[in-house]
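Hi,

Here's the structure I promised to pass on.

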Amino acid sequence: MAPTSGKRRVTITDVALHAGVSTSAVSKVLRNAYGVSPEMRERVRAAMAELDYRPHAAARGMRGRTYTIGVLLDNIRNAFFADILEGVNTELRGGDYQVLIGAAGFGEEDQTRLARALVDRQMDGLILIGPGFPRTEVLRTAATVPTVVIGHHDVAEEHDSVVDADALGAGLVIDHLVRLGHRRIALTSTPGNRGSGWSGTPERVQRRGYHEAMRRHGLQDLARVAMTAFSEEGGYRAGMELLASADRPTAVFGGADVAAMGVFRAARELGLRIPEDFSLVGYNNTAVAALAPVRLTSVDQAGGLMGTTAARLLLERIEGRTRSVLMTVSPSLVVRGTTGPPPTAEGSGE
């Protein structure tokens with residue numbers, strides 16, 4: 001069958017006839033519906049390509065779908081978010097859904113405003129990465145728009161959740177450093193948006209895991225947390241606070257790789273060597289951590305997997321699933337060149 005002339009717009013019926021399938025099958029492929037076989041998807045996609053078929057976005061919107069998914073995050077400088085977004089795009093690639101990304105900053109009001117703007121623009125679904133605006137607002141949004149929340153451990157019937165086992169990840173870091181002989185191990189963390197109603201934010205769960213691991217090793221009296229933003233500048237400020245102090249820790253656990261990069265800068269300004277003068281560990285295992293000049297020991301959260309999982313769950317929600325799902329990703333520690341035994345005095349027990 002020859003492609004339809006440019007004088008008439010190619011329709012879903014044309015695609016179905018060309019592929020030798022029903023129009024409902026084509027519709028399922030277009031919607032990236034759950035349960036479509038790879039063979040069917042490939043056959044329909046081939047027909048669409050041969051006919052140069054392009055779905056009519058305006059008509060779709062009138063039928064109740066815009067085939068757009070909104071992703072909300074606080075900033076685009078955090079490389080871990082890039083891993084998540086890559087996972088989202090991998091899952092949606094080949095389908096008809098387009099992703100619109102909104103970076104709202106850390107402010108509660110700005111995040112709320114952007115979330116409402118995404119809803120007003122009739123997104124078919126939302127992926128919220130570590131939302132810092134009130135939980136009540138998220139629940140209200142998720143009650144009307146299919147939503148997946150990444151990062152927060154607070155679960156609800158209104159939305160699905162994809163989380164990392166953050167307490168376990170923190171324990172992996174402390175266990176590794178203690179095996180090397182460290183005792184004065186500090187953590188950089190962030191207060192987040194207080195009063196937002198979230199009790200299980202990643203940083204809170206991570207802090208709990210840090211304190212639990214320090215207690216498990218009998219080091220609770222040496223626990224020390226520097227509160228700052230999870231940003232390069234925030235990590236720098238935390239690094240200066242910790243590394244310039246008289247009781248400098250022999251190891252710093254950066255709650256995020258982006259914060260660990262700031263600790264790197266502080267160490268350089270103070271003339272300290274890593275890992276000879278102190279060890280440094282990050283969290284997220286972003287692409288930056290693996291760069292040869294950095295070689296940062298870090299906890300791998302499998303950001304790509306979190307993104308693909310969130311996108312898959314969201315498509316299921318869009319297709320009508322109402323039962324909430326919680327997916328937990330198990331972290332692993334990737335040891336590189338920024339951790340080693342503590343300075344001699346610490347290692348000898350002085």
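**What I found in the sheet and helices**

Let's start at one pair of residues: V163 sits opposite T328 in β11. Keep in mind that this is a predicted model, not an experimental one. The strands involved are β5 (residues 160–164) and β11, which pair in the parallel sense over four bridges.

Zooming out, that pair belongs to an open sheet of six strands with parallel pairing, in the order β2-β1-β3-β4-β5-β11. Which strands stand at the edges? They're β2 (98–103) and β11 (326–329), and each has a single partner strand, so one side of each is left without a neighbour in the sheet. On average, and ignoring direction, neighbouring strands here are turned by 15 degrees against each other.

There's a helix on this sheet too: α6 (residues 108–120) packs there and touches β1 (68–73), β2 and β3 (125–129). The direction of α6 makes about 175 degrees with that of β1.

Now for the other thing I looked at, a pair of helices. Helix α1 (residues 12–19) packs with helix α2 (residues 23–30) at an angle of about 105 degrees, and their axes are 8 Å apart. With that angle falling in the 65 to 115 range, α1 is roughly perpendicular to α2. On the α1 side the contact is made by I12, T13, V15 and A16, and on the α2 side by T23, V26, S27 and L30. Sorted by class, that contact has five nonpolar residues, three polar ones and no charged ones.

Cheers

Technical notes:
Residues numbered from 1 in each chain as written. Predicted model: local features only at pLDDT ≥ 70, side-chain atom pairs only at ≥ 80, totals over all residues. Heavy atoms only, no water. Axes fitted to C-alpha atoms, helices over the stretch in contact; angles between N-to-C directions. Helix = DSSP H or I, 4+ residues; strand = E, 2+ residues; numbered from the N terminus. Parallel < 35°, antiparallel > 145°, perpendicular 65-115°, else oblique. Contact = heavy atoms within 4.5 Å. Nonpolar A, V, L, I, M, F, W, Y, C, P; charged D, E, K, R; others polar. Pairing = 2+ DSSP bridges.
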